[in-house]
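Trainee: I would like to learn how to read a ligand site and a helix packing. Can we work through an example?

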Amino acid sequence: MVTMSGPFADWVAAADAVRATTKKLEKQAALARYLATLDDDGLRVAARLFAGGPFARADERVLAVGWTALVEAIQERAGAHGEAIGASYQRHADLGDVAAELITTAASDPRPLTLADLAAAFDAIAATKGSNAKRALVRALVARATGAEARYLVKIVGGDMRIGLRESLVEEAIARAFGRDRQAVARANMLGGDIGEAAVRAKHGTLEGAAFARFAPIGMMLATPVLELAEVAKRFSAPYHVEDKYDGVRAQVHKDGDRVEIFSRTLDRVTDRFPELIGPLRAVPGSYVLDAEVLGFEDGRAIPFTHWAKRLGRKAVTADLQAELPTTLFAFDILERDGTALIDRPLAERSRILRSLDLRPPLRVPELRVLDLGPDELPAELEREFAAARERGNEGLMVKDPRSPYRPGRRGMEWLKVKRPLRTLDVVVTAVEWGHGKRRAVLSDYTFAVRDEAGRLRTIGKAYSGLTDREIAEMTEHFLAHTTLDRGRLRVVVPDTVIEVAFDQIQESDRHDSGLAMRFPRIVRLRPDKPVSEIDTLETARSLAAVTERERGSGSAGPSELDESGARRERPKRADGDRAG
Ligand code: AMP
């Protein structure tokens, strides 16, 4: 067996010191003092354990040891009854603390545990499939531990460290132990996916050489919302990179050799959900890491998310489902290419590299508009871009600073997202119409109203249903039974169905008898919980129109872009669309 200098008891003493204080600097100092004493192998293991896991983040192995196996091991080592464990757990609500309390005798095995012993045990546990064999390994490990050691063993194996130690603090301690820059340690840890390796690099002064670990997702850069277009110019100066903001799910794609993996925003592996993307991604030569949005896309426009998203809930992504709700990946950034990490390069350069990849459908890159405009001209141009993006079925715009690096996991001012603040009104359905295409046989188009001062219903808009097929079918039955006037295509119905409608703006219009109309109305959900007496009033709608009026003063769209079904009907293909205007 390899020899490692570190007795586990020393690690435990440092962890106890961290637990004993709430002061960040004291925690940091205790850790730094201890880390500085270790050799490379010990340092690697110790740092990973402080970060709370048995393995490096980039390491895909898991221990998969259940709660009962841990309880059993504690029971056996402590010679305690189940009741004693239960009572102790009531007091601590932490199995590690239970172990520390109940294990009071010396271990029968006199050899003290070392960091090397722990590393070897974790390797063995992860490699063992059968649950009995796994349990035996856990019991053997705990059998050698003192109470103080067992506290942390149990916490680490159980996957719940909670000793008041964030990973950033471990990074700071590493930097302090070896006199390095904290950011450089954080960068090496993030790229390499291994705080143990970052610690060893810090020790040897080789932090700069850290490489991007394959198949270890890194945090995704986030955007800050802007509520008014005029705000953009205050955040950074021209030029601006402008792209559509696609409404789908975030995806980080790692590719190396024949292997492709897709990770979600929460860094979970979701490769299996998008089988149709894997072949095309694999076909792109070389290695790379892409930042992307995955969404439904058909005939050159986005499929409304609420519609497409039903495939996300399915366990098996069948060929039928793929054909019905096809998936496209829009790659908007590249973080690694053929072994070179690109996150420190400016967006303009990353964007060039991204666009030099030969991506073919269903892989795409967003169309890039570079706006080199001053604060006076920018808002009007962004307004046009925004309206065009909405026309294409997208959520809005992303405005990015071409000089900016990629900042993993950060929300900054270098990526701005422009969507309208979502507003909704609760309204009542007054009339319904038969749908088009697939929805020919259901009443899917709703006209709805708010209540005026005199208590009368006033029509304010009309929208295609954003409800599920099942809800629409149920509502169709309901409306057929509650029709007061059948005019063929259109049926006036008993006003008893309350729905929540979202829109971007409300403006004055003579289209409806309320004197108002909505821009981009879409039905969010049924509100069976809300009585008709409680729907929103015309007064509320008017005050929202006043907000719109103020926004228009700062350069928004004119009334020609007002809602709704009239304009949308010209696009027969997406007659069931429920988001876009
Ligand atoms: P939010 O989730 O509201 O913070 O908005 C940012 C999200 O927009 C990202 O997480 C992406 O999932 C998504 N998105 C869509 N299109 C783009 C794009 N062109 N660039 C960056 N993010 C995008």
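**Ligand site, then helices**

Mentor: Start with the ligand: 14 residues surround it, and the closest are Glu243, Arg250, Glu293, Lys400 and Lys417. A residue counts here if one of its heavy atoms lies within 4 Å of the molecule. This is a predicted model, where local features need pLDDT of at least 70, side-chain atom pairs count only at pLDDT 80 or more, and totals for chains, interfaces and linings use all residues. Residues are numbered from 1 along each chain as its sequence is written, and side-chain values use heavy atoms, with hydrogens and water left out.

Trainee: How far is an oxygen atom of the ligand from an N or O atom in the side chain of Glu293?

Mentor: The distance is 2.3 Å for Glu293. For Lys417, an N or O side-chain atom is 2.4 Å from a ligand oxygen. Arg265 places a polar side-chain atom 2.9 Å from an oxygen of the ligand.

Trainee: What describes two packed helices?

Mentor: The angle between their axes and the distance between the axes. Helix 1 (residues 8-20) and helix 2 (residues 24-35) pack at about 170°, axes 8 Å apart. That makes helix 1 roughly antiparallel to helix 2 (over 145 degrees, on a scale from 0 to 180 between N-to-C directions).

Trainee: Which residues of helix 1 and helix 2 meet?

Mentor: Asp10, Trp11, Ala14, Ala17 and Val18 in helix 1 meet Lys27, Ala30, Leu31 and Tyr34 in helix 2 (heavy atoms within 4.5 Å). By class, this contact has 7 nonpolar, no polar and 2 charged residues. Ala, Val, Leu, Ile, Met, Phe, Trp, Tyr, Cys and Pro count as nonpolar, Asp, Glu, Lys and Arg as charged, and the others, Gly among them, as polar.

Definitions and conventions: Polar contact = N/O pair within 3.5 Å; in protein donor to acceptor, adjacent residues only side chain to side chain. Helix = DSSP H or I, 4+ residues; strand = E, 2+ residues; numbered from the N terminus. Parallel < 35°, antiparallel > 145°, perpendicular 65-115°, else oblique.
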